[in-house]
Amino acid sequence: MRVFVSRWIDVVLYFHHRTIAQQFKKSCWPLDEGNRRVLEVGAGRKSRSALFLEANYTSTDVQWHEGIDQLMDVNSIPYRDNSFDLVVCTNVLEHVPTPRRAIGEMHRCLKAGGALFLVVPFLFPVHDIPHDYFRFTEYALLDLLHDWSVVDVRRVYWFGALARYLRLDSFVLYYVVLATK
């Protein structure tokens with residue numbers, strides 16, 4: 001039964017993940033140049049490294065998976081200040097017991113003008129038990145990112161484009177954040 005529910009959720013979320021992937025491509029692919037450095041925090045089994053053909057892409061996670069370049073805890077990023085042009089962090093922050101510290105580490109390792117692509121779930125089932133600690137509102141995200149120069153928080157709705165017309169725009173499935181240091 002559990003496997004059936006998990007697969008059903010994957011099917012339902014397919015279109016939402018496609019929307020997030022489109023936003024990722026639109027905002028992050030311009031950074032795919034040979035002199036750019038990209039850090040993916042918490043890549044898990046779905047590293048985005050294949051999307052970057054030119055940039056120096058580093059995939060990290062707290063556990064080894066295929067495609068992971070380095071084991072790393074987001075609360076203690078082992079790279080120098082101002083090392084990366086882009087940090088990618090999707091569906092990770094809710095699993096971090098100290099999200100403010102993690103955001104600070106991502107900010108620290110980004111170059112001036114560098115970008116953060118952050119995705120967090122909102123109306124989403126508890127997962128990765130017992131390491132599912134938070135759901136962030138857009139106001140919490142703005143507070144966490146108050147040190148960033150530009151913060152753009154976008155909503156991905158459960159009911160897609162129909163949400164506004166059906167007056168279901170409070171049913172936010174994910175937040176996608178594009179922030180600049």
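**Nonpolar cores and selected residues of the predicted model**

Leu-116 is in contact (heavy atoms within 4.5 Å) with Val-87, Cys-89, Ile-103, Met-106, Leu-110, Leu-145, Trp-148, Val-177, Leu-178 and Ala-179, neighbours within four places in sequence being left aside. The model is a predicted one, in which local features need pLDDT of at least 70 and side-chain atom pairs count only at pLDDT 80 or more, whereas totals for chains, interfaces and linings use all residues. Residues are numbered from 1 along each chain as its sequence is written, and side-chain values use heavy atoms, with hydrogens and water left out.

A nonpolar core is a set of buried Ala, Val, Leu, Ile, Met, Phe, Trp, Tyr and Cys residues joined through side-chain atoms within 4.5 Å. Buried denotes under 20% relative accessible area, exposed over 50%, and partly exposed in between (1.4 Å probe, protein chains only). The largest such core holds 30 residues, of which Leu-93, Ile-103, Met-106, Leu-116 and Leu-118 touch the most other members. At least two residues of this core are supplied by each of strand S4 (84–90), helix H2 (99–109), strand S5 (110–121), helix H3 (138–144) and strand S7 (172–180). Helices (H or I, at least four residues) and strands (E, at least two) are DSSP runs, numbered from the N terminus.

Glu-105 also lies in helix H2. Its relative accessible area is 15%, and Glu-105 is therefore buried. Beyond residues up to four places away in sequence, Glu-105 touches Val-74, Asn-75, Ser-76 and Ile-77.

Leu-51 is found in the loop between strand S1 (37–40) and strand S2 (56–61). With a relative accessible area of 29%, Leu-51 is partly exposed. Neighbours within four places in sequence aside, Leu-51 is in contact with Phe-24, Trp-29 and Asp-32.
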